[in-house]
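Please view the sequence and the structure before reading on.

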Amino acid sequence: MKKMIEESGTLAVFDRMKKLRAMGKDIINLCVGEPDISPSQDIETAAIQAIQSHHIRYTPSEGIPELRKTIAHMIQDEGWRADENRNLIITAGAKPALFTTLLALVKKTNEVLVPVPFYPSYAPMIRYAGAKPVYVPGNPQNGYKISPQDLKPYLTPHSRFFILNSPVNPTGSVYSPDELQELLKFLDKNHIICILDDVYRHFIYDEAVKEEIARILKPFQRSIILIRSLSKEFAMTGWRIGYAVAEESLITPMKTVQGHIIGNAQTASQLAALKALQNPEKYALSLHVFKSRRNDVLEALRQVDHISIIPPAGAFYVFADIRSIHPEKSDVIVCSELMEKYGVAVTPGSAFGLKGFIRISYADGNRLYEGLDRLVRGLASR
Ligand code: PLP
């Protein structure tokens with residue numbers, strides 16, 4: 001029998017926005033987590049050259065050796081042991097890396113711990129892989145991050161994996177080095193593997209924290225599956241390139257699964273990714289732009305009475321509690337009204353497992369300020 005898999009709540013908003021736009025409505029996008037900035041021309045040229053020189057055939061399932069080698073060096077610079085032939089696999093973005101991880105490694109009896117709020121694809125992927133997602137409510141006093149104390153009541157003999165995403169989509173919260181260390185220690189002690197969804201790694205606005213985190217992760221390498229992609233950091237969302245790094249015993253079954261699903265990540269995109277990763281300082285997006293957008297969003301939202309904001313230290317989202325503004329209305333209805341009546345698309349917290357919130361994305365700066373005006377007006381008119 002065919003398994004059912006639910007639609008992502010974020011994509012549902014995106015689809016509605018596209019439909020209304022196709023009908024001629026003017027809707028400003030504050031919903032999608034996709035930077036509006038184009039990747040450097042050098043990256044595009046690398047892909048064009050790859051195609052023109054006929055690098056268009058299958059590659060090894062785990063990715064082209066040059067790209068694996070470059071990533072292995074990067075990871076070694078962060079203090080990890082990494083052998084390009086044993087510890088890593090190139091994937092078609094972070095989503096396939098997560099799905100491949102789960103399909104390859106979880107067993108039917110396993111429970112996968114997922115902090116709430118969460119990235120909407122986690123639970124469907126876990127279920128589809130045959131395991132059980134166990135939701136762990138985040139601590140509202142601490143930006144909805146979780147600590148070992150929050151996790152403890154949810155542990156069972158079946159707890160096997162934990163998905164950690166920091167900076168967090170949707171809150172923009174960042175686990176501090178101390179919080180991360182405590183959590184990883186606790187997971188290690190309980191023989192739980194941490195699937196670290198690191199797609200927003202670049203978007204930590206405090207550089208010192210960013211550096212310290214790399215140092216904290218190092219001793220826990222054995223129990224981490226590190227998942228990254230070039231989607232956000234290099235604005236290469238549609239290019240579909242990511243990677244997973246872990247112990248050989250974990251990577252080997254992932255290679256097999258990937259071989260059966262996609263075969264390999266798109267060939268020309270791998271060569272473009274090679275260009276990007278050979279000089280990340282040059283090609284990664286400027287953080288200044290995003291930091292200043294974040295500050296502008298916070299400034300605009302100060303005009304809204306009774307709104308409560310989780311202070312965002314990373315990613316490109318602001319997560320706002322609107323329960324005191326609209327105690328009678330669901331977040332889904334509020335978002336739908338904001339889109340239909342005020343022409344601004346934001347995502348309801350329900351999509352991330354937390355009702356009564358909205359997620360505002362400032363990844364797209366094109367009409368951000370006009371979008372914020374509409375949002376502020378829409379929220380203010382109850
Ligand atoms: N993980 C999180 C937390 C995300 O927010 C996203 C995209 O929005 C992904 C994974 C998927 O990334 P990719 O586009 O590389 O598949």
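Which residue in β8 does T91 stand opposite?

## Strand pairing

In this predicted model, the residue of β8 that stands opposite T91 is G242. The two strands concerned are β2, which covers residues 88–91, and β8, which covers residues 242–245; they run antiparallel and are joined by four bridges.

In a regular strand the side chains alternate between the two faces of the sheet. Along β2, L88 and I90 point one way, whereas I89 and T91 point the other way, and all of these residues are buried.

## Domains and their contact

The domain assignment divides the protein chain into domain 1, made of 9–37 together with 285–380, and domain 2, which spans 41–280. Their centres, taken over C-alpha atoms, are separated by 26 Å, and the contact between them takes 26 residues from domain 1 and 25 residues from domain 2.

On the side of domain 1 that touches domain 2, at least two residues each are supplied by the helices α1 (9–22) and α12 (287–301) and by the strand β10 (317–321). Sorted by class, the residues on this side of domain 1 comprise 17 nonpolar, six polar and three charged.

## Ligand surroundings

The ligand is surrounded by 13 residues, and the closest of them are G93, A94, K95, S229 and S231. The shell around the ligand divides by class into eight polar, three nonpolar and two charged residues.

Conventions: Residues are numbered from 1 along each chain as its sequence is written. This is a predicted model: local features need pLDDT of at least 70, side-chain atom pairs count only at pLDDT 80 or more; totals for chains, interfaces and linings use all residues. Domain bounds come from an automatic or database domain assignment. Two residues are in contact if their C-beta atoms, placed from the backbone, lie within 7 Å. Ala, Val, Leu, Ile, Met, Phe, Trp, Tyr, Cys and Pro count as nonpolar, Asp, Glu, Lys and Arg as charged, and the others, Gly among them, as polar. A residue is buried if 20 or more other C-beta atoms lie within 10 Å of its own, exposed if 12 or fewer, and partly exposed in between; C-beta atoms are placed from the backbone. Two strands pair if DSSP finds at least two bridges between them. A residue is near a molecule or strand if its C-beta atom, placed from the backbone, lies within 6 Å of it.
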